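Thanks for coming, everyone. Please take a look at the model on the screen.

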Amino acid sequence: MAAAAAAAAREAWQAASPRRRRSAARRPKRREAAAAAGTPGAEPEVEGGVVLRRIQEAKEDLVISDFWSSALETITGCLQKHLEQLRAPERHLSEALGHLHLDAPPVEADTAPGSILEETLVPGTCRLKCVCYGVGNFASCAIARSQLAFLLLLLERCQVPRSHCWVYDPLFSQLEITVLSALGVVVLRENEEGKRSVCGEPTVFYMPHCGTALYNNLLWRNWSVDALSKVVIVGNSFRGLEERLLTRILHKHYPYVAKILTGLEEVVFPQTPRYTDAFNDTSVHWFPVQKLTQLPTDTWAFREEPDYQDCEDLEIIRKKSEEPPALT
């Protein structure tokens, strides 16, 4: 039944063939391949209760691993710097008020002691939010389950309520949608193709091993200094994309990725043998305001929506365009 639902879901979307890269050695492992029948990472789909138990086991295994502690340290460092730059305008205002001998009203703490956000949340703003694209078929694939377990642990560590995390993958089966809803995250029902605005709020985009077009779409939708300064991306290394793709291909098909390479900070994930398949070629990316404002002014003038009409190896699943009504 679950397999039939997954097959029906796939028919509703159109996908392109995998991209050929110059360096196979640094190629991210494809989650679709791991989820395919007969591969070592794939398992028969089971009932929701069993899936929930396996996710919990994956979390327990991950949290005691050297990889988790190192990866968490990497993300923590980036998030603290990212959120600190958002706090800077508030600090300048407080200093100005101090010179006038006025006391700012106390801000009540709304995060647990020791959390990443305890000292870096911007007063008067919403909590950090999270959007997850492309985590894959975690009910049948151990690699995808490790990626989902990492997301859930990250939400806990950053004190992000699960209701403030939006998740989507066109490959999700109905069973997986049910499990995610039981976990308390919000399952998006429509393929946004990565074109989601941060709407002025600091947002982490968790996008393990997604196609380059998805990152390009996300950048396009938030193409301004103000919006990008609120974005953190955990996903494929942008430096790795630059190394693997021909320059003309990168600039023609993924211009927003190409233009932002000098306006970001990237810190690579640690690598351990056990979690190589799930997190190889993964980095944390954030966008310092100082770097963004130093980009050429014409960088921000080009804001054409990507269409990829001439791209033969798109490597993302796109929403099928609606056919025009038949003439009568």
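**Helix packing around α3**

Start with helix α3, residues 48-63, and helix α6, residues 174-183: they pack at an angle of about 60°, with axes 10 Å apart. Helices here are DSSP runs of H or I, at least four residues, and strands are runs of E, at least two, numbered from the N terminus. Axes are lines fitted to C-alpha atoms, for helices over the stretch in contact, with angles from 0 to 180 degrees between N-to-C directions.

That angle makes α3 oblique to α6. Under 35 degrees is roughly parallel, over 145 roughly antiparallel, 65 to 115 roughly perpendicular, and the rest oblique.

Who touches whom? From α3, Gly48, Val51, Leu52 and Ile55; from α6, Leu175, Val179 and Leu183. Contact means heavy atoms within 4.5 Å.

A word on the source. This is a predicted model, where local features need pLDDT of at least 70, side-chain atom pairs count only at pLDDT 80 or more, and totals for chains, interfaces and linings use all residues. Residues are numbered from 1 along each chain as its sequence is written, and side-chain values use heavy atoms, leaving out hydrogens and water.

Next, α3 with helix α5, residues 142-157. Their axes come within 9 Å and cross at roughly 70°. The two are therefore roughly perpendicular. Ile55 of α3 is one of the residues in this contact, and Ile55 also takes part in the contact with α6.

Finally, the whole protein. It has 13 helices and 9 strands.
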